[in-house]
Amino acid sequence: MMRKVKLQMQLSIDGYVAGHNGEMDWMSWNWSDDIKKYVSDLTGPVDTILLGRNMTGGFISHWKTITNNPEDPEYLFARKFYDTPKVAFSKKLKASDDEVKAWDNTTLATGDLSREIERLKNQSGNDIIVYGGATFVSNLIKQNLIDEYQLFINPVVIGKGLSIFNGRDERLNLKLISATPFDCGIVALAYSKG
């Protein structure tokens, strides 16, 4: 059985993943215990994280810093995200580049996106999760490479910004798996390919 590629992404009510200039200050990070459990259950069986090149350095650095402080409330998430093997996608970087060498527990994928994803899905293992960035995720959506969408809708309208769905030329039919409201105001909408 093939591994599933799951996207976990925060969006505004009007469908943006970042403001016009990349702002993310509108996202709710004061998460309630119920959403923390949901994310823990979602990421528990995951054994591979996919990232676009622009997001990789900040993602690794953020979670690595938290792993140094076991008292931090995000420590268990940090351990999971830092310790899980990651694949960073880039057409420009080489494995020998200093930037890539600094990415702990991360391999570089430089080939055709669709072929690389299919190769990963056909390997033995558990689910694969995608965290971004916006351009990388847009390319995955455009090529229909996401099996499950976990969209965390924040209670805010930002008016304009970056969308992950702009690159699709055709309609994408999805099937609702669940809609889960959380005490912090976020609603998780889970969809599979229709």
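The crossing of helices α2 and α3 is left-handed (the near helix is turned anticlockwise from the far one by less than a right angle). This is a predicted model, where local features need pLDDT of at least 70, side-chain atom pairs count only at pLDDT 80 or more, and totals for chains, interfaces and linings use all residues. Residues are numbered from 1 along each chain as its sequence is written, and side-chain values use heavy atoms, without hydrogens and water. Helices (H or I, at least four residues) and strands (E, at least two) are DSSP runs, numbered from the N terminus.

**The helix pair**
- The axes of α2 and α3 (residues 75–83) come within 8 Å and cross at roughly 130°. Axes are lines fitted to C-alpha atoms, for helices over the stretch in contact, and angles run from 0 to 180 degrees between N-to-C directions.

- 8 strands form an open, mixed sheet in the order β5-β4-β3-β6-β1-β7-β10-β9. Strands pair if DSSP finds at least two bridges between them.
- The edge strands, β5 (106–109) and β9 (174–181), each pair on one side only.
- β1 (residues 5–12) and β6 (residues 127–132) pair in the parallel sense over 3 bridges. Leu7 stands opposite Val130 in β6.

**Helices on the sheet**
- α2 (residues 53–67) lies across β3, β4, β5 and β6, at about 125° to β3.
- α6 (residues 134–142) packs on the sheet, and its direction makes about 130° with that of β6.

Definitions and conventions: Contact means heavy atoms within 4.5 Å.
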